[in-house]
Amino acid sequence: MDAARQNELLSIYNKGLLGDILPFWIKNSVDHIHGGFMTSLDHDGTVIDTDKGVWQQCRFTWLLGELYNNVEQREEWLELAKLGIQFIEKYCFDPTDGRMWFHVTRDGLPIRKRRYAFSESFAAMAYAELAQATGDEYFAEKAELIFEQFLDHNLNQQNNPKFTDTRPTRNIGFPMITINVAQELRGSIVLKNANQIIDNSIQTIRDYHIKEKYECVMETVGLNGEMINHFDGRTLNPGHAIEGAWFIMAEGAYRNDQELINLGCQMLDWMWERGWDQDYGGMLYFTDVRGIPVQEYWHDMKFWWPQNETIIATLLAYQLTGNSKYAKWHEMIHDWSYAHFPDPEHGEWFGYLHRDGSISSKLKGNMWKGPFHLPRMQLKCSHILTELLKH
């Protein structure tokens with residue numbers, strides 16, 4: 001990847017983030033009446049459902065704080081982050097048990113709570129960015145408290161598991177997200193035990209989810225890491241595993257630990273082979289570890305976020321190794337994604353494509369898609385390219 005290509009990509013990611021994606025969400029999703037953000041948007045930014053996903057309240061607040069702290073101290077970004085955190089603080093916690101809701105009405109009335117505690121993970125990131133931006137110790141203390149609640153719930157308080165004792169499972173989502181949240185809090189509020197938490201989570205992934213025998217990263221396994229020979233156990237989520245791969249690569253870079261970099265690259269290598277669509281291009285959503293049919297009917301669709309995570313992972317792998325294979329993979333995933341997902345008329349990306357890259361839904365946002373994976377990709381890749389161009 002020569003300097004000309006690096007400069008071209010840097011311009012694409014920077015302009016996309018600051019000139020397209022962020023303005024689209026600020027213009028269309030900010031709720032100036034009740035606070036927070038309405039993220040269920042049609043292709044032109046029209047709000048088509050006013051309910052609010054708590055994940056997206058936290059994620060957009062995190063993004064705004066991250067941009068304020070690490071890109072430019074624009075007062076608009078800080079004020080919008082405060083708007084988000086005020087809504088989260090007022091409406092997104094259940095006062096009966098302290099846990100967070102998953103889904104609330106526009107004016108904050110609770111609708112749903114999930115078994116898992118991922119709302120808490122994203123909230124911890126949001127509070128930590130506000131702590132760094134404002135210097136307010138309350139936000140820092142709240143970030144640590146919520147993160148501890150997230151860890152405790154997933155490690156000790158699973159009173160209503162998704163599966164019965166007949167077939168108990170463990171999922172890669174918890175250790176993977178824990179790595180990233182601890183990394184974020186370490187950078188914004190100097191989380192003291194971050195390294196130990198990250199070490200434990202990486203070891204969990206090593207012990208239970210990385211399968212050299214099958215050359216893959218398993219999404220769901222038995223309690224002892226055994227492969228479950230049923231639909232759920234065999235199903236691989238390449239984009240999810242690749243997201244975890246770049247978290248581990250980034251940790252290796254932070255610590256100057258080549259073994260962690262190698263581990264992340266190995267995860268990327270295996271899951272690229274499992275997920276890249278040889279016929280149409282792009283990353284498939286689900287595949288089966290044995291190559292037999294997958295249960296979910298959307299298995300071969302192209303969702304926006306696995307492409308985003310693979311774009312980050314391949315570029316980071318190239319930066320850390322200099323291996324031209326990763327530069328080629330980055331070119332493949334970047335070019336395919338930018339040829340199919342962006343909306344040249346109204347901005348942002350469509351979220352859901354058919355396997356051949358044609359549009360399945362014109363939705364720009366919902367409970368799951370909001371201003372997170374795509375702008376994070378643009379921001380992370382901008383940082384990587386900036387570093388590459390220094391050398």
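**Close-up 1. Strand 13 and strand 14 pair side by side.** Strand 13 (residues 352-353) pairs with strand 14 in the antiparallel sense over two bridges; strands count as paired if DSSP finds at least two bridges between them. Look for Leu353, whose bridge partner in strand 14 is Ile359. Strands of a sheet pair through backbone hydrogen bonds, either parallel or antiparallel. Here three strands make an open sheet in the order 12-13-14, with antiparallel pairing. Strand 12 (302-303) and strand 14 stand at the edges with a single partner strand each, so one side of each has no neighbour in the sheet. Strands (E, at least two residues) and helices (H or I, at least four residues) are DSSP runs, numbered from the N terminus.

A word on the model: it is predicted, so local features need pLDDT of at least 70 and side-chain atom pairs count only at pLDDT 80 or more, while totals for chains, interfaces and linings use all residues. Residues are numbered from 1 along each chain as its sequence is written, and side-chain values use heavy atoms, with hydrogens and water left out.

**Close-up 2. Another open sheet has the strand order 3-4-5.** Its three strands pair in the antiparallel sense. Strand 3 (52-53) and strand 5 (110-112) are at the edges, each with a single partner strand, so one side of each is left without a neighbour in the sheet. Strand 4 (residues 103-104) and strand 5 share two bridges.

**Close-up 3. Helix 11 packs against helix 13.** Helix 11 (residues 304-321) and helix 13 meet at an angle of about 15°, with their axes 9 Å apart; axes are lines fitted to C-alpha atoms, for helices over the stretch in contact, and angles run from 0 to 180 degrees between N-to-C directions. That makes helix 11 roughly parallel to helix 13, given that angles under 35 degrees count as roughly parallel, over 145 as roughly antiparallel, 65 to 115 as roughly perpendicular and the rest as oblique. Residues in the contact include Trp304, Ile312 and Leu316 of helix 11 and Met377, Ile384 and Leu388 of helix 13; contact means heavy atoms within 4.5 Å. By class, this contact has 13 nonpolar, three polar and four charged residues. Ala, Val, Leu, Ile, Met, Phe, Trp, Tyr, Cys and Pro count as nonpolar, Asp, Glu, Lys and Arg as charged, and the others, Gly among them, as polar.

**Close-up 4. Helix 1 meets helix 12.** Helix 1 (residues 3-29) and helix 12 (residues 324-340) pack at about 40°, with their axes 13 Å apart. That makes helix 1 oblique to helix 12. The contact is made by Arg5, Leu9, Ile12 and Tyr13 of helix 1 with His330, Glu331, His334, Asp335 and Tyr338 of helix 12. These residues divide into four nonpolar, two polar and three charged.

**Close-up 5. Trp62 and Phe372 form an aromatic pair.** The whole structure holds 32 aromatic pairs. Rings of Phe, Tyr and Trp (its six-membered ring) pair if their centres lie within 6.5 Å; planes under 30 degrees apart count as stacked, over 60 as edge-to-face and the rest as tilted. Trp62 and Phe372 are edge-to-face, at 5.6 Å centre to centre with 70° between the planes. The pair links distant parts of the chain, 310 residues apart: Trp62 is in helix 2 (residues 54-70), and Phe372 is in the loop between strand 14 (359-361) and helix 13 (373-388).
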